[in-house]
Amino acid sequence: MTEVNKMPSSFHGQLRANVFGWVSLRHFLPANNLRDLIWWLVEEVSDGQMSFDQLFDEREIPTMPGLDGWIVRPQRVEGKLAAYLQRAIQDIVWQADSDGFPPEDGATPAQLLKARSLEQALELGTRDFSVGQRELRSPLNDQVCEALLDLLRNGSACLAGKAEWSELPSVAINRVSNLYPPLAMLLLKHIGDLCADADAWPVAEDLYRKCRDRLGSQSREDWRVLSEQFADLVDQSIAAAVRVNAGPEAAFAFLRENLDGGSLKERPLLKLNAPFDALSAALSVDALALKFVDDRTALLKPPLSHESHRLDWSVFSMTGARNRGSAWKRCWAVLRRQMALGLSTESRDTMGAFAQILLTLVDEPEPSRGHLVDFQLSVRLLIQAGDRSHVDDIIWSERLVVRFVDDAAIELVISLCRRHQGMSIERHRSAISVLTGWAEKIPQDRRQLAHVIVDFLSKQARDGSTSFSSNRNLALAGLEALGRLARSRPELCRDRIGSIHSAIVTRLRPQAHWYLHAKTIELACLTIDMFSKDQTRELIDDTLALLATIRPETQLWPVVGPALQFLLADEVVSLANVDAEVGRRIVNAIVTFSAGGRSDAAGLIQNLERFDRSLLDVNVITELGEAFIGRLVPSVKRLNTSSNAAEIRALLAIPSLSGKVGVTAAVEALEAVLSSVNTNRPAMGVANAYAAVIALAGRRAEFAALLGEAYVDEHWNVLLKHIFDMWSAAVNTPKLLAPFSIPEPTSPNRITVHNWTYASLRFAKDLDQEDRMLQFLRGIESPISLREPIDLAIATGAVSADFKDQQDSDLGDEGNDAFYAGLGRRLVRVLSEEEDVAKRICSELLQECLIRGPRGLDAAVLAEALRLRITNDASRTLVQDYLQRLNSDPSMRLALWPLVAGLT
């Protein structure tokens, strides 16, 4: 082993004097020089208080220069500085570009300063010519790093067009002129590499050749071995630049000139690395490819090291049917060698990757290319690997599930995960993911296959192990899987709702951890419409019992939030409104916990307004009413608060709670908010005030009974005028209809515009002004950011059900989304109007579909056109163009072609 103190004095001195500069250029150093650098790095950063052998056990792998290796293993150490140095050195040896965090304590100021300099040097070596976008500092007193940073900035200026690329080589030569020759050449090479990265290949070649010239003229005995190895790197880089600049034939000639003659002992790195580039260049030239002799060099990595046996990306590129055998053999070659070495962790990782490759191979469009045995092997490997990271990433195709998933495949998965106790949890975790993915793609005519899967998932949710680690928490995984199926395949859950209900009831028990409670209640919310009344009542009782164990002041919101969401589900509210005893318990829980307690009056009212008023005790109404008036009436008068609109709506939601004082304050505050659009400083709540307007719409009689007809007539007309004014102001300042945010919005929010359209039309209907409002909104022609969501709102039902839209607007002015969103409403008119009107409407819809399609929704219009016998109205040109587009869309062609054919 080479001892540091036996290095040549000049090289030794420069290595220590510019330790951070060498660190920045570390990727050029062979193992023996890197080892020497790290020895001095530890002494430098620790200020002489530590040595490398205190941090690591090591062993060199001596071999030919440039092909040597180094094994390092951290020892147990104490102190944050020692631990930091170990992590930093491991990253260097692993050739990673990770960020480190120097210890803020446990180090002297001098040590901390040098540790930060080390991080700066490490980062500096990773930067490209985009360095100008981020401010970097040079490490402490290191002239090499200062030179590198200067040249990075010069390159950045060239990349930005502020300087000429042709000037960079001379600038670089001048900047490194005072550096130690090996460092100067490494730095020139590095800048050349960055030029190549920036696609400035002529400049890169110029720098490479200048570097090569220096190697031939300045080589000295103390760094002769390094210069010989470095020359091989430079020559191959020149060849890479020549291929880009002059073509593959010139690159091949340059490489052959350097490769021919001599033995491996003379130029080992070049003869190992360059033949691959020579082969690629030769295959790009017909004359060379025909006579090329493959003389690539083979390298046996340490065959008993785990580093020598890993799948590489080339295997994943061989997953086409043509390379099936090669990919399979490569995966098995790596896996059996890992198993021979006893590499448990890495072999399981390879199993997962092997399985994904097999699934790609068997999921072929042609059935003859996908083999059942390969599918079964892939499933076995996935479960044996017990690695959820591989399984969760798989997207199962419907084609593959239809062809291979049957009772036997499901039983295979379940039997494998139960086979060995030591890996039972990991295998069950993988099985949950595999079976859930299958269930999502099982076709309707075979949905009975999913019964076993749902029962399996329910059993894991009910009886599975729990752990703080999600990889080992089977109960949590089962609940999440059932929730996933409830969203994507609710019919499968409905078929086995009994087992799901059993799992939910079991996990609602108070002794479970809070995150299991949260996921359990979320699953109950997703499946609430599937339960019987008795099952729903049982879940309500268990949820209320769980809430009873939680003190309101603790506000365990991850559990309380989903619990309130469950108690506010439509099915629960409906049951509460017909069962007074259950309803009062639910309302009491909501009053106790809702939205953080009674301090958030707006949130509490939003929850209570859905329940029958009889469920609120008189004392509760009185107490809450006084609290609301006391808190909200003063609050709604403050216009420039983000909660203003929600608080106005809260006072309007339940007039019996707010009373005349509260409702009057809310109406006047709403008028103030809307009228502020004509000022230089509109209120913050303008965008969200639609919620308060919707709270008023359709309830004129209710508010008149409380406030009097005269008051309602006067203020409702004032509000309608303000709404028209608000829309007029929004045309000139569209961002007015965007909720308050930082930074300030630059355009309106589409959802806000949609909701304001709905609110405006519904409120105008109370004053018999719906037609006027509709014409006004349709008359807004610009900006497009208002026009599109307004059209969409009108198309999706913003107008009242009894309003007769005569479709006198030009459908061609609507965007595609608005047209198709309103298609269903217009088809209802086709079915309900007199025949002449129906034909006119359908003819217009048919023309628009032929222009905009094909889309699946066109089928309804085409079918109606055939029924009404108006196919002759269709333009021949439009039909031909539609057919042309349909032919290029296989997913639509089979469904729509029979209908479109009737138009020809």
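## Overall picture

Buried residues make up 50% of the 904 residues in this protein. The model is a predicted one, so please read each value below as computed from predicted atoms. The fold is built from 47 helices and two strands.

How does the radius of gyration sit beside that of a compact globule of 904 residues? The protein has 37 Å, whereas a compact globule of that length would be near 29 Å. The C-alpha trace spans about 105 × 75 × 65 Å along its principal axes. Taking contacts between residues at least 6 apart in sequence, 66% of them join residues at least 24 apart.

## Surface and charge

The protein exposes about 42600 Å², and carbon and sulfur atoms supply 50% of that area. As for charge, there are 100 positive and 118 negative charges, and their mean positions lie 4 Å apart.

How many salt bridges does the structure hold? There are 42. A few of them are worth a walk-through.

Aspartate 105 and lysine 80 form a salt bridge, with 2.9 Å between their closest N and O atoms. This pair ties together distant parts of the chain: lysine 80 belongs to helix H5 (80–93), while aspartate 105 sits in the loop between helix H5 and helix H6 (109–124), 25 residues apart.

Both partners are in the middle band of accessibility. Aspartate 105 has a relative accessible area of 41% and is therefore partly exposed. Lysine 80, with 48%, is partly exposed too, since that class runs between the buried cut-off of 20% and the exposed cut-off of 50%.

Within helix H27 (residues 514–527), lysine 519 and glutamate 522 are three residues apart, so about one helical turn separates them. Their side chains meet in a salt bridge at 3.6 Å, N to O. Lysine 519 is partly exposed at 28%, and glutamate 522 is partly exposed at 29% relative accessibility.

Threonine 520 is found in helix H27 as well. Is this residue buried or exposed? Its relative accessibility is 0%, so threonine 520 counts as buried. Leaving aside residues up to four places away in sequence, threonine 520 touches Leu479, Ile504, Arg507 and Leu508.

Another salt bridge pairs aspartate 713 with arginine 700, and here the closest N and O atoms are 2.0 Å apart. The two residues come from distant parts of the chain: arginine 700 is in helix H37 (residues 700–707) and aspartate 713 is in helix H38 (residues 709–732), 13 residues apart. Aspartate 713 is partly exposed, with a relative accessible area of 33%. Arginine 700 counts as partly exposed at 21%, because the buried class takes in values under 20%.

Elsewhere, salt bridges with shared partners join Arg212, Asp232, Asp235 and Arg267 into one network.

## Backbone details in loops

Phi of aspartate 47 is near 60°, a positive value in a residue other than glycine. Aspartate 47 lies in the loop between helix H3 (31–45) and helix H4 (52–55), and with a relative accessible area of 39% this residue is partly exposed.

Aspartate 199 also has a positive phi, near 70°, and is likewise a residue other than glycine. Its place is in the loop between helix H9 (181–197) and helix H10 (201–218). At 61% relative accessible area, aspartate 199 is exposed.

## Two prolines towards the end of the numbering

Which kind of peptide bond, cis or trans, runs from glycine 853 to proline 854? That bond is cis, with omega near 10°. Proline 854 is found in the loop between helix H44 (835–852) and helix H45 (858–867).

Proline 898, by contrast, has its place in a helix, H47 (residues 890–901). With 57% relative accessibility, proline 898 counts as exposed, because the exposed class starts over 50%.

Conventions
Residues are numbered from 1 along each chain as its sequence is written. This is a predicted model: local features need pLDDT of at least 70, side-chain atom pairs count only at pLDDT 80 or more; totals for chains, interfaces and linings use all residues. Side-chain values use heavy atoms; hydrogens and water are left out. Helices (H or I, at least four residues) and strands (E, at least two) are DSSP runs, numbered from the N terminus. Buried means under 20% relative accessible area, exposed over 50%, partly exposed in between (1.4 Å probe, protein chains only). A salt bridge is a side-chain nitrogen of Lys or Arg within 4 Å of a carboxyl oxygen of Asp or Glu. The radius of gyration is taken over C-alpha atoms; the globule rule is 2.2 Å times the number of residues to the power 0.38. Contact means heavy atoms within 4.5 Å. Accessible areas come from the Shrake-Rupley method with a 1.4 Å probe; for residues, only the protein chains shown count as cover. Lys and Arg count as positive and Asp and Glu as negative; His and the chain ends are not counted. The place of a charge is taken as NZ of Lys, CZ of Arg, CG of Asp or CD of Glu.
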